[in-house]
Amino acid sequence: MSDRPAGACDVLVIDDEAVVREGVTRVLAADGLAVATAADTAGGLVHPALAGCRLVLCDLMLPDRSGLELLRELRRRRPELPLIAITGYATQDQMEAAESAGATLFLPKPFDEDELLSAVRRALEPGAPPFARRR
Amino acid sequence: MTSRIDTQIILAVGAVTALTIGTLGVLVVRAHRAALIAELQTSADQLSETIKSATLHDMLANSRENLQRQMDTIGSQRGIRNVRVYNKEGRIVFSSDRSEVGRSVDKRAEACYACHAADRPLEHLSITARARDFRDTDGAHLLGIINPIANQPSCSEASCHAHSPEARVLGVLDVSMSLAEVDRNIRLSQIRMAGIATVAIVAASLILFWLNRRLVVLPVQTLVSATRRVAEGDLATRIPVTARHELGDLARAFNEMVARLAEDQRKIVQADKLASVGRLAAGVAHEINNPLTGVLTYASFLLKRAGDQPELRADLEVIVRETKRCREIVRGLLDFARQTTPRRQPTDINAVVRHAVSIVTNEVALRHVELAVDLAQGLPELAVEADRLEQVFVNLLVNAADAAPEEGGRVTISSRQVNVPAAGHSRITSATCPKGCDLIDPTLRIRGVPAIRVLRACAGREAILHLDPTYGRFGHLAAEACDEGLLADFACARCRTSLALTDAGGVCPRCGAGLFGVNVPGAGQVAWCRRIGCHFTLWEAEEQRGLRAVVEIAVEDNGRGMTGAELAQLFEPFFTTKGARGTGLGLAVSWGIVESHGGTIDVVSEAERGTRFAVRLPLTVAAREA
């Protein structure tokens, strides 16, 4: 991954909890990915990294607007971009709502390093299935 | 309030009694007086007739001295005040009071008025018309009676003095008698009446007071104190129904109301428990999972990089493990809170079992528990939601591994097709009373299935009873306990129609007691024995269908087994034998999942031998929906 342009970023993490953003950043950065973060929908949608990133991790419960709306907006702007929905309220309904809003993967919180990395790798695979979930 | 009812009723009854007896008394005294006076009039009239005949001879002989003597004698008789003879002109010719002789009376005077009213003498008058009630100048109360002395041939023909033969009346005999005795009698009778009236009023009031107290005040007081007890939260309160009048109905209605209240409260507590779990789950999941994510990512990140520092590794492993335990607890809560219908697809149940086994293999191996898998081949596909049943099997396997002994622990999971009898497996999903009321109560479930709600009367107390809707099981829930061996009556809780079976077959073959039953639309009738504790039941239509095929997935361990109390609470949310290691939600969730697939979970446990959980899934589901 040394051939990526300087300043570009691989993953955009949108979550209102600082500890989640920091933990995810720490794990992904150690794996060699460049990570940018945003704390809410508005911040995510205007983030400069959004245009060039290869993956977005998005919380479904954000303070300003619903994470589902954000997913739909991201899917509209970048139809090919892998999106991982992360949430602490992992019910069947939430999973289905995330899928129909355009999420590629569903990752329930809390997750450990391995679970996070395997989800990210699966999402970044060229032949990733349209939607998958982990429990 | 009670004293006011008492006082008011007694005052009212006292007044009515006084009025009635008073009126009656006045009428009786009047009648008595009239009878006495009539009697006196008759005897006075007889007396005057006697005087007339006794003096006839002297009159004919014109023996005035003799006549006067006779008047004197008669006048001195007790009760006789005066005897007079008036001539036609109204002059007193004889009198027992000699001073009166010669005195004249006006024909218009009271004594004469009856005959001379129209200025023309009349002879034939009734006793009443000839009698008069008056007071003399001394104030003595007297009864006077006049008796006309008619002309007779012997009179006009007598040589003594000349009475013309044309005259019809020669004079008048007037007898006055004292009414003092009569007055005294009447006074006595008035006093007696007043006495009787007083006694009657007091007696009526006392009887009424006692009746009122027994029939109204005491039952109402019982009701009031029972209401207070209920208000204070004692829903076991019942009133003994002794009265057969409206207050008895009220007591019955009260008992029924409280029984329903108790039942509703039980349901509310249950519903509340579930609702709180749901709210708690959502809240906890949201609030706890974010910090847990932080802990888990950092701890697992550090663990990977702890390298050759074994102490640090060990500590970090504890953090990761415990954080993951927290995660499982939160997931358990979420699973429990979720009540969705399964998305069924034709599934190879053995594949689901194998996947569940693969999930738990490591964990089971860590505990040195041997895991045996024994799957029957050729099982039909079942219409189930694989993920959710997998969750059930994982849960049962982990529980079994936990229960297995540390040395020589063994867990077996097996699948097979079995034929099961109706008893213990067939469900009563619809039930009606003879009048057609729906008896299924969707708000109360017995082992996950909506129960059958009936009214049970036992030892004079009525209470709601929920019958176990699984045919052949007796997990009935009674709002009120009843002693074993007693005969109870069962009725529809809505229309109160008796559920007793009176036809020829309506006798329990075990104990000889009567049977009661409910109708199952399209599937005959389910009967139970009326004797408390007699576990006889018969659903002929289901028994006739014979055995039915189900797929059974059994998980067995060789642990210490469970006590009866533990078995009873097994499927209750938050019940756990694992102490801090369990959430008490696993089996409750599993039950819900199996139930939503139309299946059952059966548990057989033997002390020191182990426990066997059998999940039975109906084939009919596959046939219908696959």
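Which residues in α1(A) meet which residues in α5(A)? I began with this contact, taking contact to mean heavy atoms within 4.5 Å. I found that A:Val24, A:Val27 and A:Leu28 in α1(A) meet A:Glu113, A:Leu116, A:Leu117 and A:Val120 in α5(A).

**Entry 1. Conventions.** I noted that this is a predicted model, in which local features need pLDDT of at least 70 and side-chain atom pairs count only at pLDDT 80 or more, while totals for chains, interfaces and linings use all residues. Residues are numbered from 1 along each chain as its sequence is written, chains are lettered from A and ligands numbered from 1 in the order in which they are written, and side-chain values use heavy atoms, with hydrogens and water left out. Helices (H or I, at least four residues) and strands (E, at least two) are DSSP runs, numbered from the N terminus.

**Entry 2. The helix pair in chain A.** I looked up the geometry of helix α1 (residues 18-30) and helix α5 (residues 113-124) of chain A; their axes come within 10 Å and cross at roughly 65°. Axes are lines fitted to C-alpha atoms, for helices over the stretch in contact, and angles run from 0 to 180 degrees between N-to-C directions. α1(A) is therefore roughly perpendicular to α5(A). Angles under 35 degrees count as roughly parallel, over 145 as roughly antiparallel, 65 to 115 as roughly perpendicular and the rest as oblique. By class, I recorded six nonpolar residues, no polar and one charged in this contact. Ala, Val, Leu, Ile, Met, Phe, Trp, Tyr, Cys and Pro count as nonpolar, Asp, Glu, Lys and Arg as charged, and the others, Gly among them, as polar.

**Entry 3. The antiparallel sheet in chain B.** I traced an open sheet of five strands in the order β2-β1-β5-β4-β3 of chain B, with antiparallel pairing. Two strands pair if DSSP finds at least two bridges between them. β2 (92-95) and β3 (131-135) of chain B stand at the edges with a single partner strand each, so one side of each has no neighbour in the sheet. Neighbouring strands are turned by 25° against each other on average, direction ignored. Three bridges join β1 (residues 80-87) to β2(B), and B:Val85 has B:Phe94 as its bridge partner in β2(B).

**Entry 4. The mixed sheet in chain B.** I then followed five strands in the order β7-β9-β19-β21-β20 of chain B, an open sheet with mixed pairing. The twist averages 20° from one strand to the next. β7 (residues 370-375) and β9 (residues 410-420) of chain B run parallel and are joined by six bridges. β9(B) pairs with β19 (residues 548-557) of chain B in the antiparallel sense over 10 bridges; B:Ile413 is partnered by B:Val555 in β19(B).

**Entry 5. Helices on that sheet.** α9(B) lies across β7, β9, β19 and β21 (610-618) of chain B and runs at about 175° to β7(B). I also checked α9 (residues 349-366) against α10 (residues 386-403) of chain B: they pack at about 40°, with axes 9 Å apart. The two helices are therefore oblique to each other. Their contact has 15 nonpolar, one polar and two charged residues.

**Entry 6. The disulfide.** How many disulfides are there over all chains? I counted one, a disulfide being a pair of cysteine sulfur atoms within 2.5 Å. B:Cys458 is joined to B:Cys482, with S to S at 1.5 Å. B:Cys458 lies in strand β11 (residues 449-458) of chain B, and B:Cys482 in the loop between β13 (477-478) and β14 (489-492) of chain B, 24 residues apart.
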